[in-house]
Amino acid sequence: MKYYGFWRSLAACRVRIALALKGVKAEEIPVNLMQGEQLKPEYRAVNAQAVVPTLILDDGSSLFESMAIIEYLDEIHPQPPLLPKDPKGRARVRGLAQIVVCDGHPLLVPRIRNYLEKELNLDEPARTKWCQHWLMEALQAVEAHLSKEKETGKFCHGDSPTLADVCIATQVFGARFYNCNTAAVPTVMQVFEQCMKLDAFDQSHPLKQPGAPKEIRH
Ligand SMILES: N[C@@H](CCC(=O)N[C@@H](CS)C(=O)NCC(=O)O)C(=O)O
């Protein structure tokens with residue numbers, strides 16, 4: 001198994017964390033998003049949306065979209081489970097994950113930032129303000145759930161990590177890259193600290209990947 005990713009990609013990071021939690025080894029093939037490599041015809045032939053991640057299975061077939069990839073990994077490597085056993089629990093975990101993956105993170109990706117810069121002529125401070133705003137919108141919605149729902153434990157749902165933690169941890173990585181004030185989301189940050197005690201999260205951090213700089217410059 002191998003996957004196309006990039007050190008800076010939060011979506012690829014989600015897959016990296018899930019692979020690590022499952023103890024599955026997969027080589028990462030870097031696609032340099034900062035140099036636009038995702039837009040080259042060779043990569044478009046791999047991923048029709050020109051985005052990472054793409055998981056390539058041993059039979060050569062490919063899977064796309066981080067949530068679909070992670071749920072596939074969870075089905076073929078059921079231990080440790082990333083979704084609860086009960087339907088209501090699964091709906092809650094998927095809901096928390098989707099606040100980030102469907103509604104928050106898509107507003108930050110390179111094609112959006114490039115459009116803001118090149119088509120709408122927004123300068124760097126305005127683009128940073130945009131990213132900070134949407135990063136925190138998602139995390140504040142997650143905070144509202146985590147802080148008042150009884151299912152919240154050490155992690156988003158109980159005392160072991162789920163799909164929700166994978167997604168929320170990567171959104172916090174993004175919030176830190178953009179120097180967001182995370183004091184407003186204390187429960188999210190408690191869960192994040194628990195996640196970061198696990199090697200699977202710590203070692204999957206974007207800045208710990210080959211080719212990553214010591215710190216993020218926008
Ligand atoms: N919903 C997709 C998002 C994929 C995505 O947008 N990935 C970003 C990196 S985090 C990307 O490759 N962007 C390329 C671009 O925007 O040009 C997923 O979860 O896999």
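Residues are numbered from 1 along each chain as its sequence is written, and side-chain values use heavy atoms, with hydrogens and water left out. In this predicted model, local features need pLDDT of at least 70 and side-chain atom pairs count only at pLDDT 80 or more, whereas totals for chains, interfaces and linings use all residues.

View 1. Helices (H or I, at least four residues) and strands (E, at least two) are DSSP runs, numbered from the N terminus. Helix α7 covers residues 163-177, and its 15 residues should span 21 Å at 1.5 Å a residue; the expected span is 1.5 Å times one less than the number of residues. The end C-alpha atoms of α7 lie 22 Å apart, which agrees. Of the 15 residues of α7, 14 are buried (under 20% relative accessible area with a 1.4 Å probe, protein chains only).

**View 2. The largest pocket.** A pocket is an open set of points on a 1 Å grid over the protein atoms alone, where a 1.4 Å probe fits, with protein on both sides within 12 Å along at least five of seven lines; lining residues have an atom within 4 Å of a point. The volume of the largest pocket is about 1000 Å³, taken as the space filled by probe spheres set on the points, which are joined across faces, edges and corners. Its lining has 42 residues, and those closest to the centre are Leu108, Val109, Pro110, Arg111 and Arg113. Two or more lining residues come from each of α1 (10-22), α3 (66-76), α4 (87-104), α5 (110-118), α6 (124-148) and α7.

**View 3. The second largest pocket.** This pocket has a volume of about 350 Å³. Among its 19 lining residues, Tyr3, Arg16, Ala26, Glu28 and Gln209 lie nearest the centre. The elements α1, β2 (27-30) and α9 (199-202) each give two or more residues to this lining, and α1 gives the most, with 3 residues.

**View 4. Leu73 and its surroundings.** Leu73 lies in helix α3 and counts as buried, at 1% relative accessibility. Leaving aside residues up to four places away in sequence, Leu73 touches Met1, Ala18, Leu19, Lys22 and Leu55, a contact being heavy atoms within 4.5 Å. Val24 is 49 residues from Leu73 along the chain, and their C-alpha atoms are separated by 8.9 Å.

Conventions
Buried < 20%, exposed > 50% of the residue type's maximum accessible area, 1.4 Å probe, protein only.
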